[in-house]
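Open the model in your viewer and keep the selection panel at hand. The tour goes stop by stop, with something to select at each.

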Amino acid sequence: MRKRILFISLLISVNVFSQNTLKLNPEPSTVKINKDIYGHFSEHLGTCIYEGIYVGEDSDIPNIKGYRKDVVEAIKELKVPVLRWPGGCFADTYHWKDGIGPKEDRPSIVNVFWGGVTEDNSFGTHEFLDFCELVGIEPYLSINVGTGTVKEAVEWVEYVTSSNKSPMTDLRKKNGREKPWNVKFWGIGNENWGCGGEMAPDYYANIYRNYSAYIKGDDFQKVICGPSGDDVEWTETILKGLGGKNYLAQGLSMHYYTLPTNDWEGSKGSSIDFGEDMWFSTILNTMKIEDIIKKHLAIMDKYDPNGDIKLIVDEWGTWYDKLPGTKEGFLQQQNTVRDALVAGINLNIFNNHAGRISMANIAQIVNVLQSMILTKGAEMVKTPTYHVFKMYNVHQDANLVPIQLETENYQFEDKSIPALTASASEKNGTISLTITNANPNKPVSINCELGSKSKIINSKIVTGKKITDYNDFGKKEKVTTSNFSVGNIKNGSLKLEIPAHSVILIQLKLNK
Ligand code: AHR
């Protein structure tokens, strides 16, 4: 069933000569776009946690129990479904007991991966889980496998989720929390092929089995560390390494970052100062994720034909050179119209694979890499990526509507990529259709066959005047959401002209 739906939903072809067309399937599929595809990631890295989310109760910056008020409000508005913490690479150096109890008694550690700064552990398990409760987010905790132990992990699970009497629950109560928190997502290790221990896949698979055997709880979704990009050998070996005990994992993580230059060692490219060459390579590299996803899904189908283990893209987004003048290892970058396109394209791809992708977490929520929010002292801006996520949140928990898209190419020098990407969903009789146009030089006209008896109830656009536009502190937003005017549906068809470098949403109501 799943395969058939995927087949229909992915009939997306590229055609230079024919008219651009988008056909909506008359019926939505039974595949639900899991709201967690719109998930986020927060790490003890740079100013993501401290300054970005948490300023402490004594700060002059308006806060609620130490959490920045402006950030809390912006995140609530975004309808963030799930947030991963405490890393990232940081997670495999993190000992959760350092971050509980009276703050003055908490030991400090050195954040070896991110700038070598001192981590005072003033933001720990209580602060994170209380933040999630305050904002209405599901927490996703990353367990330390690299430098941790099974015992430490089991105690964390008990501390957080148990309602029985035990030494760990007594400790939790002593630290002020009577009731357990509701945590169902547990990642067992992060990037264990790299910063999480430089492990070989078969070695990690065994370690994973050991951890997973003791991490138990109702409805737990345990996530095995999957590949970096297209490392199919890692995926194959760890799934084989489960030895048929697939019940030990409910999710397999995958990380894929978009680098304009594809060069991890040298320059990745600037986040604000770029021309069409870097625009093109960024979009091209973003689009590559779809083939990579397909390769991993094929392996998952082989070892898990029932589809019980879901793919979780728990780190994705753009990664550029750090902004001039910012600290080494803080991964601070700006966010332009280009990032809006990257977000829209990725989310369309994830929606179209919602049959097997159950979660995705963009890196990261505040002040690091492709952020939703940037802060500077008491100031805050919402990035172009924020606006795309907010516009797309209509897809959360909606049913995927299969589409057929025929799109012209966007050509740059001797290379070309599809100009348009799209996805659609249905919820309570409303169809939501999102389309991206990556061509920075011209609008693209498309004929959308929507079926009869429908009327447009909403149409929005996220774009800016220039591809390098971004939202700066203390200035009017240059890249934001505005109304997008469209014509009428005639005989079930709607002609749209998608402006250059833009992301749009059209919502239709089906007349009964
Ligand atoms: O998001 C930054 C880093 O990228 C994470 O800590 C790590 O998991 C990945 O390599």
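## Stop one: a helix pair

This is a predicted model. Select helix α4, residues 150-161, together with helix α6, residues 201-214; their axes come within 9 Å and cross at roughly 35 degrees. Look at the handedness: α4 passes α6 in a right-handed crossing.

Now show side chains. On the α4 side, pick V150, A153 and V154. They meet N210, Y211 and Y214 in α6. By class, this contact of α4 with α6 has 5 nonpolar residues, 1 polar residue and no charged ones.

## Stop two: the ligand

Move to the ligand and select what surrounds it. Which of the 15 residues around the ligand come nearest? They are E43, C89, E191, Y257 and E315.

- Q364: here a polar side-chain atom is 3.0 Å from a ligand oxygen atom.
- N190: an N or O atom in its side chain is 3.1 Å from an oxygen atom of the ligand.

On its own, the ligand has 280 Å² of accessible area, and the protein covers 93% of that.

## Stop three: backbone geometry

A cis peptide bond joins A363 to Q364, with omega at about -10 degrees. Q364 itself lies in the loop between β14 (357-363) and β15 (373-376).

Select G87 and G88 next. A cis peptide bond joins this pair too, with omega at about 15 degrees. Where does G88 sit? Find it in the loop between β6 (82-85) and β7 (109-110).

Now return to E191, listed among the residues that come nearest the ligand. Check its backbone: phi is positive, about 40 degrees, although E191 is not a glycine. E191 lies in the loop between β10 (185-188) and α6. That brings you back to the helix from the opening stop, residues 201-214.

Finish at T468. Look for it in the loop between β24 (454-463) and β25 (480-483). T468 and W279 are 189 residues apart in sequence, yet 9.2 Å apart in space.

Which residues does T468 contact, leaving aside its neighbours within four places in sequence? Select I272, F274 and T336 to see them.

Key: Residues numbered from 1 in each chain as written. Predicted model: local features only at pLDDT ≥ 70, side-chain atom pairs only at ≥ 80, totals over all residues. Heavy atoms only, no water. Axes fitted to C-alpha atoms, helices over the stretch in contact; angles between N-to-C directions. Helix = DSSP H or I, 4+ residues; strand = E, 2+ residues; numbered from the N terminus. Left-handed = near helix turned anticlockwise from the far one by under 90°. Contact = heavy atoms within 4.5 Å. Nonpolar A, V, L, I, M, F, W, Y, C, P; charged D, E, K, R; others polar. Near = heavy atom within 4 Å. Polar contact = N/O pair within 3.5 Å; in protein donor to acceptor, adjacent residues only side chain to side chain. Areas by Shrake-Rupley, 256 points an atom, 1.4 Å probe, with all protein chains shown as cover.
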